[in-house]
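Q: I would like to go through this structure with you. Could we begin with the terms and then move to the details?

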Amino acid sequence: MDTVWGNSSFAMLGVFAARRGVARMYRRIFRVLFAVSVLGLTSGCETVSGILAELFGDSPIAAPEPEPKAPQLADRIVVRKSKRTLELLHDGALFESFPIALGREPRGSKQEGGDGRTPEGVYLIDGRSMQTRYTRALHISYPDGNDRDRARAMKAEPGGAIFIHGLPSDYGPFDPPQWYRDWTEGCISVGNAAIVKIWDAVPDGTPIEILP
């Protein structure tokens, strides 16, 4: 019985000692905070900062803001007419894809002006304009020499003014998740948010391959 009581007594003394230690810690913190508040009323911030640094160490230095990430640039565009997609690639790796609408006669390569077909072949993005009712427009270098020769053999004009463009600007930043109808006169249409992304990612001179 005495042994049990003795052990219990020591345990209780340990608890009381721990509590007294916590109480002493709180009293010290209170005295520090009180001293700092008094100094704040009678001294400048520099003095208070120095005291706090001595008590708690230097404050951490704020990390610099990360610089905004530069948009990834495409070195090639691939248009897949059968899948209705426009793909942006860099070093052979696809990093963005967009649904598209084509000319009102989507099958086959463009033969002549007014046939409503989208060209097929390899061209370049050779210009751009914001002076368009379709938000933004990137010009495709159709017709090339082969296109002109073919049209000449047909005694026809090859046509031109083929662009990647958005929707009318009054649609706002709208991207259709899928196109249910081809509607252009031979151009490649994307949504308005998409054309801004493509505009930023595609420098002039970027090759574009338009596949059947």
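A: One term comes before the rest: a nonpolar core is a set of buried Ala, Val, Leu, Ile, Met, Phe, Trp, Tyr and Cys residues joined through side-chain atoms within 4.5 Å. Please also keep in mind that this is a predicted model.

Q: Which residues of the largest nonpolar core touch the most other members?
A: That core has 25 residues, and those that touch the most other members are Ile77, Leu86, Leu88, Ile140, Ile164, Ile188 and Ile208.

Q: Which elements each supply at least two residues of this core?
A: They are S1, S2, S4, S5, H4 and strand S8, which spans 207–211. The largest share, 5 residues, comes from H4.

Q: What is isoleucine 208 in contact with?
A: Leaving aside neighbours within four places in sequence, isoleucine 208 contacts Ile77, Val79, Gly121, Val122, Tyr123, Leu124, Ile125, Ile140 and Ile164.

Q: Stepping back, how many helices and strands does the chain have?
A: There are 4 helices and 8 strands. Read from the N terminus, the elements follow the pattern α-α-β-β-β-β-β-α-β-β-α-β.

Q: And how much of the chain counts as buried?
A: Of its 212 residues, 31% count as buried. The chain exposes about 13,900 Å², and carbon and sulfur atoms supply 59% of that area. As for contacts between residues at least 6 apart in sequence, 58% join residues at least 24 apart.

Q: Now the sheet: what is the order of the strands?
A: It is an open sheet of 8 strands with mixed pairing, in the order S3-S2-S1-S8-S4-S5-S6-S7. Strand S3 (93–99) and strand S7 (188–189) stand at the edges with a single partner strand each, so one side of each has no neighbour in the sheet.

Q: What holds paired strands together in general?
A: Strands of a sheet pair through backbone hydrogen bonds, in either a parallel or an antiparallel sense.

Q: In which sense do S1 and S2 pair?
A: Strand S1 (residues 76–80) and S2 are antiparallel, with 5 bridges. In this pairing, valine 78 stands opposite glutamate 87 of S2. The two strands form a hairpin with 4 residues between them, and arginine 84 in the turn has a positive phi of about 55°.

Q: What about S2 and S3, over how many bridges do they pair?
A: Strand S2 (residues 85–90) pairs with S3 over 6 bridges, again in the antiparallel sense. Histidine 90 stands opposite alanine 93 in S3, and glutamate 87 stands opposite serine 97 in S3. This hairpin has 2 residues between the strands, and aspartate 91 takes a positive phi near 50°.

Q: Why is S2 largely enclosed by the rest of the structure?
A: Because 5 of the 6 residues of S2 are buried, the strand is largely enclosed.

Q: Changing topic, how many aromatic pairs does a search of the whole structure find?
A: The search finds 2. In one of them, tyrosine 123 and tyrosine 142 are edge-to-face, at 6.0 Å centre to centre with 70° between the planes. Tyrosine 123 lies in strand S4 (residues 121–129) and tyrosine 142 in the loop between strand S5 (137–140) and helix H3 (145–153), so the pair ties together parts 19 residues apart in sequence.

Q: Are those two tyrosines buried or exposed?
A: Tyrosine 123 is buried, with a relative accessible area of 4%, and tyrosine 142 is buried at 3%.

A: Tyrosine 134 and tryptophan 183 form a tilted aromatic pair, 5.8 Å centre to centre with 55° between the planes. Tyrosine 134 is in the loop between S4 and S5, and tryptophan 183 is in the loop between strand S6 (163–165) and S7, 49 residues apart. Tryptophan 183 is partly exposed, at 26% relative accessible area.

Q: Which charged ends sit over the ring of tryptophan 199?
A: The charged end of arginine 128 is 4.9 Å from the ring centre, and that of arginine 136 is 5.2 Å from it.

Q: Lastly, where is glycine 191 found?
A: Glycine 191 is in the loop between S7 and helix H4 (192–201), and at 3% relative accessibility it counts as buried. Not counting residues up to four places away in sequence, glycine 191 touches Gly166, Leu167, Phe174, Asp175, Pro176 and Trp179. Its C-alpha atom is separated by 8.0 Å from that of isoleucine 100, 91 residues apart along the chain.

Conventions: Residues numbered from 1 in each chain as written. Predicted model: local features only at pLDDT ≥ 70, side-chain atom pairs only at ≥ 80, totals over all residues. Heavy atoms only, no water. Pairing = 2+ DSSP bridges. Buried < 20%, exposed > 50% of the residue type's maximum accessible area, 1.4 Å probe, protein only. Contact = heavy atoms within 4.5 Å. Phe/Tyr/Trp six-rings, centres within 6.5 Å; stacked < 30°, edge-to-face > 60°. Lys NZ or Arg CZ within 6 Å of the ring centre and 35° of its normal. Areas by Shrake-Rupley, 256 points an atom, 1.4 Å probe, with all protein chains shown as cover.
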